[in-house]
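Opening the notebook on this one.

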Amino acid sequence: MSRIEKVFEKGKAFIPFVTAGDPSLKVTEELIIKMAKAGADIIEIGIPFSDPVAEGDVIAQADERALKAGTTTDKIFKMVEGVREKTYVPLAFMTYANPIYTYGSEKFIKNCFRYGIDAIIVPDLPFEEKDEIKPYCDKYDIDLISLIAPTSRERIKMIAKEAEGFVYCVSSMGVTGVRKEITTDISEMVKLVKEEKNIPCAIGFGISTPAQAKEMARYADGVIVGSAIVRMVGEYGAGCVEPVYEYVKKMKEAII
Amino acid sequence: MLKGRFGVHGGQYIPETLMNAVIEVEEAYNHYKDDEDFCKELQELYRNYAGRPSLLYYAKKMTENLGGAKIYLKREDLNHTGSHKINNVLGQMLLAKKMGKTRVIAETGAGQHGVATATVAALMGMECEIFMGKEDTDRQALNVFRMELLGAKVHPVTSGTKTLKDAVNETLKEWTARVEDTYYVLGSVMGPHPFPTIVRDFQSIIGKEVKKQIVESEGRLPDALIACVGGGSNAMGLFYDFIDDKDVDLIGCEAAGHGLDTDKNAATIANGSIGIFHGMKSYFCQDEYGQIAPVYSISAGLDYPGIGPEHGNLHDTGRARYVSITDKEAVEAFEYLSRTEGIIPAIESSHAVAYAMKLAPTMDKDKILVINLSGRGDKDVAAIARLKGVRIHE
């Protein structure tokens, strides 16, 4: 059982997301350490991409700010090295196929292993294309997280069968971003996954309030929150660490 | 499971949310492409609505003036809506209609694909929304109004470089948000499988007609085919039926903007490397970390950092070759063809004309060269006037 999967044995997992390098890698490092202290069970680190087609405006603009600040994949690996001296919290990279492929898929995954990344999430690498990096993930023991969407229907079986770590359930149509309500039948999605394989399911896209998190945690094993945190980082800049810490604490408490 | 591959290129690198949508398109296409009624209906639209076949015109004055190979122009500019884009749009929208879709969305660069999509949406009674970079809505303002006149809603895209690349991003996002009743009419031989294949098939009517027409007038195949390449649909449409005719040179012309040695160009094959973007593996202008580069061309239609995957493979195998043409050369060709033949070419197509002006004089007089005149230049007249410092009111 991977470090990622073990997290869910302790109970419902809270999984926050931050964009690396927004507003600086130093702040990202502090954020990760503080979010772990606040009770985050797994932390998703976004490697910024110039054209993030699965992201709404909030994360897309954070990517733009991070890239403008000179963030690169190599600098992010260095930041992770620093983080690992201070926390053992499981870490997942979230990025697009191109930053991985262009860096060199094997070199990228090998560095993930070397610097202590546990999993990667690639929203534009569907089941049909996962062999692009899966062999390297297997070689270096990195979980390649599978995503399922409200449109997946009969594909869920096939995806769940080969999933590892946890299954990322996309709660809504469209891109990432805060939503007032989530109308998808999440419990049905989770049920279809579990029928095929006993693997944790975490829900992401659109969740921002403790009440939403609590509601979602009834159906799934974990809750992922991105845009709400990234928006705080955007608002508070370098002063975001404390407010994010408080927010993560509140969200974690809501799902216990 | 490798679907829709051209050598190493192609594939389906898209969010899971869209996977069933592209599978649905693929299944529908495979069903209808050989369906007798569908083909008959499409041929009828090509003939009676688009005005096909388009002429293969012998450019006598240009030939004599350049003093080399015989030059023919494939007059896609004479199609309804003024470019080759209508070939693909009629095909895909007939398919969308058969699939029961009621709403279409599309990206556009210069506006030609947007206009074609808005036109056919009006004809077929479908709801239509077009995404166009803010930069392009400014430089192609007339096409924006044209689309609105046809009943489409135009969304200016203000993210990123505010050009074609960003318009594709936004259209993909829109499709992810609303897929049930919506069909994405992709405008070029790019994106995730099955689009590069579908668009190529619908555009291949260009090459099929050229083959028939040139054999009728010259009794043999041409020696070279020249077309401009952004995503590459007019080039792919011209080349496709000639791929097995090894003696025919296939030449794609990329936009070199201010020059290949500057950071202001969109020459993907010359300056790019293999990457994964917009659903496909192919060549892209990008940095060492895979960040897509901000590209530039005077021509909004060629101002794109990637190239269709089948072109990527034609380049890898050496079957086609790709050259680059600067803004300056394209503008000179724009003016040259206007004055020499009385035909105003689109600034995109002018890139192909410009290379022909270099190549033809180096070829013997008994050689034959075909240029794909992919679109007419009316949309560019105001921009060229601005470039030359002429103040006019559109």
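This is a predicted model: local features need pLDDT of at least 70, side-chain atom pairs count only at pLDDT 80 or more; totals for chains, interfaces and linings use all residues.

How many residues of domain 1 of chain B are in contact with domain 2 of chain B? I found 39 residues of domain 1 of chain B in contact with 42 residues of domain 2 of chain B. I then listed the elements on the domain 1 side that each give at least two residues: β2 (9–13), α4 (85–98), α5 (112–124), α6 (134–139), α7 (141–149), α8 (164–177) and α9 (195–203) of chain B. On that side, β2(B) has the largest share, with five residues. Sorted by class, the domain 1 side comes out as 17 nonpolar, 18 polar and four charged residues.

**Chain A against chain B.** Then I turned to the two chains. I noted 32 residues of chain A in contact with 29 residues of chain B. Which elements of chain A each supply at least two residues of the side that touches chain B? They are α3 (57–68), α5 (97–103) and β5 (143–148) of chain A. The largest share of that side is from α5(A), which puts in six residues. By class, I wrote down 18 nonpolar, eight polar and six charged residues for the side of chain A that touches chain B.

Notes: Residues are numbered from 1 along each chain as its sequence is written. Chains are lettered from A and ligands numbered from 1 in the order in which they are written. Two residues are in contact if their C-beta atoms, placed from the backbone, lie within 7 Å. Helices (H or I, at least four residues) and strands (E, at least two) are DSSP runs, numbered from the N terminus. Ala, Val, Leu, Ile, Met, Phe, Trp, Tyr, Cys and Pro count as nonpolar, Asp, Glu, Lys and Arg as charged, and the others, Gly among them, as polar.
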